[in-house]
Amino acid sequence: MTSAQLPGDPPGGRRAVAVWSLGVAVYFVAITYRTSLGVAGIDAAERFHINSSALSTFSILQVLVYAGMQIPVGLMVDRLGTRKVLMLGVVLFTLGQFGFALSHSYLMALVSRALLGCGDAMTFISVLRLGSRWFPARRGPMIAQVAALFGMAGNLISTLVIARALHSAGWTTTFAGSALGGVAVFVLVLLFLKDHPKGFEPAPASHMGADYVRWQIADAWREPGTRLGMWVHFTTQFPAMVFLLLWGMPFLVEAEGLSRATAGQLLTLVVLSNMAVGLVYGQVIARHHAARAPLALGTVGATALLWGTVLFWPSAHAPMWLLIVLCAVLGACGPASMIGFDFARPANPPERTGTASGIVNMGGFTASMTTLLAVGVLLDLTGENFRIAFASVFVLQALGVIQILRLRGRAHRRERERVVASRVEAVHVPA
């Protein structure tokens, strides 16, 4: 990929970094709230007196709302701009976190997680759009990976801070205190965030009403690169998401016999590995565009191999070294899922990038929602047999790989046909 400045590219620079960092800060807080249940699953089961299926409903509902909001949010970002959508998202996920802190009934807690999922859904697509408006197109893969990297750092707050605070300060104080972060980022976005640099205003939408919505979705879906991106996201993201969002802690404690402290350290390893691998994947893809599919498929293969080895280890508990390797490999799932956006970005013009990103992002969270439900149901049906429950991961991985292989050639041919245009379509070219 060329390092030359393309015509119409945003300038980048320090101001771009400062503005983009505000969007990333919002995503960081959203990830903290999203994953806070992952370290509080055992506490939530005790607080609300619920079984595994009911516990999984928390995350399923949250992810269901998130996935269902992706296309509407993409349309909102394309029509309203990043700042307005981010502000609405912050309000919703902060209210959801406060509500979860004060919940004493299962129903109130469910409503709070749904509200949180709705606000969370508005963050990442907005951050992707912000990056494409403030940085040159050639920076796209790296900017997206770095955004995900800092977002995943929010997971560290869950595993290192919230997990400890739950035992020292209690449920209400921990979750209500964490919700203050949402208040802080709302004020920063309100005062300082701008949708785009001066002189790089996007073209006004040419379609309005229902026709605009229908055409945006249909045109984005028609591109093989969008569909390939969705299936890459679907296949790569969900094993780590399921592990971090809910079932990793119960699996490591109840099935593998580890202490909660040791299990928390392994969850932290997943996050740290995610951050390290994200930097590597971003650099590789920025320099070698053809590496996208091999990296995605290689990550799926490695994840399946390690997941299966742990589940079917001949003794009752897998050795610690194997669990460490599994968690390190799971850390590659998030960066691999970001490759999906790198297939969709050059396939769509800038006025459609939000909608296309929403379609891609819907993939992984649909898979996560399905697996969260399957694991919870299978645990109840099999008497807490994690080996059987966790084997449901292989079904979705197989489905995703089939779709990736089916669409890969078509998307590549389409991208090759418009390779020159694709280098400028990801940014706004001023009239």
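Let's start at Leu295, which sits in helix 12 (residues 292–311); helices here are DSSP runs of H or I with at least four residues, numbered from the N terminus. Leaving aside neighbours within four places in sequence, Leu295 is in contact (heavy atoms within 4.5 Å) with Tyr281, Val284, Ile285 and Ile339. Ser259, by comparison, is 36 residues from Leu295 in sequence and 34 Å away in space, C-alpha to C-alpha.

A word on what you are looking at: this is a predicted model, where local features need pLDDT of at least 70 and side-chain atom pairs count only at pLDDT 80 or more, while totals for chains, interfaces and linings use all residues. Residues are numbered from 1 along each chain as its sequence is written, and side-chain values use heavy atoms, leaving out hydrogens and water.

Now to the inside. The largest nonpolar core has 142 residues; such a core is a set of buried Ala, Val, Leu, Ile, Met, Phe, Trp, Tyr and Cys residues joined through side-chain atoms within 4.5 Å. Phe58, Phe243, Trp247, Phe251 and Phe390 touch the most other members, and helix 10 (residues 224–255) gives the largest share, 19 residues. Phe390 touches Phe243, Trp247, Phe251, Trp307, Leu311 and Val375, not counting residues up to four places away in sequence.

Phe192, in helix 8 (residues 171–192), counts as partly exposed because its relative accessibility is 48%; buried means under 20%, exposed over 50%, and partly exposed in between (1.4 Å probe, protein chains only).

Finally, confidence: pLDDT, the predictor's confidence in each residue from 0 to 100, averages 87. Over residues 1–7 the pLDDT is below 50. Where pLDDT is low, the predicted coordinates should not be read in detail.

Conventions. Helix = DSSP H or I, 4+ residues; strand = E, 2+ residues; numbered from the N terminus.
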